[in-house]
Amino acid sequence: MEPGGFVTSPTYAKHAEKIYRMKPRSEDVWLLTFPKCGTTWTCELLWLLQNNCDYETAGKTGLTLRTPFLEMPYLSTKMQAMREMFMNVDKVEQLPSPRVIRPHMPMYLLPPTLLDTAKVVYVARNPKDVIVSYFFHHKLIKLHGFTGTMDEFAEFFMDDEVFNAPYFAHILEAWSKRDHPNMHFMFYEDMKRNLRGEIEKVAAFLGKTLGEEELVKLTEHLKFDNFKTNESVNNESGKKTGAFNQEGNFIRKGKTGDWKNHFSPELNCRINAWIEKNLAGTDLKFVTEL
Ligand code: A3P
């Protein structure tokens, strides 16, 4: 898949080169995702695996401070002002190893040496649930100012007019690199189906060994109900800072197949056709219900 365009902000474009020229380290783990594919969930898993399951520090320090969101300070001047929350590239460069870094950008905008240097985890999620989740994300975060309907949002999504679009180019670029020894490509739906099994695979990829007790504890820690109430990861602070609307939650529903509650039969037909067109000629397959 040839790299496509990328919807971002003019402020990001000014700093894109800086991110592209970053120096990945062999001790790094980079978590790559299109938004709403399970970034926060997987990120907490990666950080804990890289930090000897240090739940104490994890509980005291918000995930955003432990695992920098690379492009976030460059998305708007408001984000730049939130210096405490989002580390700029200079700060990320100074972080001690092991770092867990999570950009939403497609691979072709990341340092070209990334895959040959660091460990890369890519998490994909079926596009129907991503559309629904991204719709609610746009309703939750004030900066987006989105007031439209699900139908309208889905059309924006399919027309590649949402932040970080195009969705398919993002996933297919990583999919084409899934056999690289430094790449672990995984699906949100598999985490839903068998969280413990997916944790074991990620741990093996990172060369970590977990005992039975640690594995049970980590699986419990990452379960939706526990995650939702964990203030270190659930982003509820966005409500206190005023960045989020009071209604809704960042850790929202955590289901596969929620799209069935939100798509009309007509919209579902259009989305099916869009998915079919974009997957033609690829061997990527999505699970849209469990
Ligand atoms: P929903 O909006 O469908 O509930 P990201 O972190 O990439 O923004 O992804 C957010 C999505 O992951 C949301 O999906 C959120 O609820 C879901 N999620 C977060 N933690 C989860 C968990 N522990 N189990 C299942 N889903 C989770």
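In this predicted model, Lys260 sits in the loop that links α15 (237-241) to α16 (265-279). Lys260 counts as partly exposed because 13 other C-beta atoms lie within 10 Å, a number that falls between the 12 or fewer of an exposed residue and the 20 or more of a buried one. Along the chain, Lys260 and Met150 are 110 residues apart, yet their C-alpha atoms are separated by 12 Å.

Leu114 makes a handy contrast. This residue belongs to helix α7 (residues 114-117), and it is buried, since 21 other C-beta atoms are found within 10 Å and the cut-off for burial is 20 or more. Leaving aside residues up to four places away in sequence, Leu114 touches Pro24, Trp30 and Val120. Asp90 is 24 residues from Leu114 along the chain, and 17 Å separates the C-alpha atoms of the two.

Now for the sheet. Four strands make up an open sheet with parallel pairing, and their order is β2-β1-β3-β4. The edges are taken by β2 (100-101) and β4 (183-187); each has a single partner strand, so one side of each has no neighbour in the sheet. Helix α2 (residues 39-50) packs on this sheet and touches β1 (29-33), β2 and β3, with its direction at about 170 degrees to that of β1. As for the pairing itself, β3 (residues 119-124) runs parallel to β4 and is joined to it by 5 bridges. Tyr122, for instance, has Phe185 of β4 as its bridge partner.

How many of the residues of α2 are buried? The count is 12 of the 12, so the helix is largely enclosed by the rest of the structure. Among these buried residues are Trp41, Cys43, Glu44, Trp47 and Gln50. Just past the end of α2, Asn52 adopts a positive phi of about 50 degrees.

Around it are 19 residues, and the closest are Thr39, Thr40, Ser133, Arg252 and Gly254. Three elements, α2, α8 (127-140) and α14 (224-229), each give two or more residues to this shell. Sorted by class, the shell holds 8 nonpolar, 6 polar and 5 charged residues.

Conventions. Residues are numbered from 1 along each chain as its sequence is written. This is a predicted model: local features need pLDDT of at least 70, side-chain atom pairs count only at pLDDT 80 or more; totals for chains, interfaces and linings use all residues. Two strands pair if DSSP finds at least two bridges between them. Two residues are in contact if their C-beta atoms, placed from the backbone, lie within 7 Å. Axes are lines fitted to C-alpha atoms, for helices over the stretch in contact, and angles run from 0 to 180 degrees between N-to-C directions. A residue is near a molecule or strand if its C-beta atom, placed from the backbone, lies within 6 Å of it. Ala, Val, Leu, Ile, Met, Phe, Trp, Tyr, Cys and Pro count as nonpolar, Asp, Glu, Lys and Arg as charged, and the others, Gly among them, as polar.
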